[in-house]
Amino acid sequence: GKVATMMQNPLDSIKLHRNKEKLEHAQQRAERNRKAVDVSVRTVVEHRAFHARATLHAALKCYVKTAAGWGTAAVQTSKAFDEEFRPGMSVQVVGFPSGH
């Protein structure tokens, strides 16, 4: 076949040897790249629970701060209602003439 014919010509033999070396180097690079990708994927998979927990924690913290802000803002309004609506306290309705 072609390889046997190439082995007879010294220049073709050198080319064949060089091509085999190139193939071996390419296979080694491919294997190193595959291993690096495996490590990267494994790292992402191992850390996904941590990232999910951290995201959930941040979202809950934001929600609680917002709710606390609403509560703080409502304190003044609640005090105003308490002051204005005590039993037995007279009130004046704006817009009505006094004495009605």
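Trainee: Let's start at Asp38. Buried, partly exposed or exposed?
Mentor: Asp38 is partly exposed, at 32% relative accessible area. Bear in mind that this is a predicted model.

Trainee: Which residue does Asp38 form a salt bridge with?
Mentor: Arg34. The closest N and O atoms are 2.6 Å apart.

Trainee: And where do Asp38 and Arg34 lie?
Mentor: Both are in helix α2, four residues apart. That is about one turn of the helix.

Trainee: How many salt bridges does a search of the whole structure find?
Mentor: Two. Glu31 also bridges to Arg34, with 2.5 Å between the closest N and O atoms.

Trainee: How far apart are Glu31 and Arg34 in helix α2?
Mentor: Three residues, so about one helical turn separates them.

Trainee: What about the accessibility of those two?
Mentor: Glu31 is partly exposed, at 32% relative accessibility. Arg34 is partly exposed as well, at 41%.

Trainee: New topic. Which residues form a nonpolar patch on the surface?
Mentor: Val37, Val41 and Val45. Together they have about 240 Å² of accessible area. Val37 is in helix α2, which covers residues 10-84.

Trainee: Zooming out, what is the secondary structure of the chain?
Mentor: Two helices and zero strands.

Trainee: How much of the chain counts as buried?
Mentor: Of its 100 residues, 2%. The chain's accessible surface is about 9,400 Å², and carbon and sulfur atoms account for 63% of that.

Note on methods
Residues numbered from 1 in each chain as written. Predicted model: local features only at pLDDT ≥ 70, side-chain atom pairs only at ≥ 80, totals over all residues. Heavy atoms only, no water. Buried < 20%, exposed > 50% of the residue type's maximum accessible area, 1.4 Å probe, protein only. Areas by Shrake-Rupley, 256 points an atom, 1.4 Å probe, with all protein chains shown as cover. Patch = residues over 30% accessible without salt bridge, like charges linked within 9 Å, V, L, I, M, F, W, Y side chains within 5 Å. Salt bridge = Lys/Arg side-chain N within 4 Å of Asp/Glu carboxyl O.
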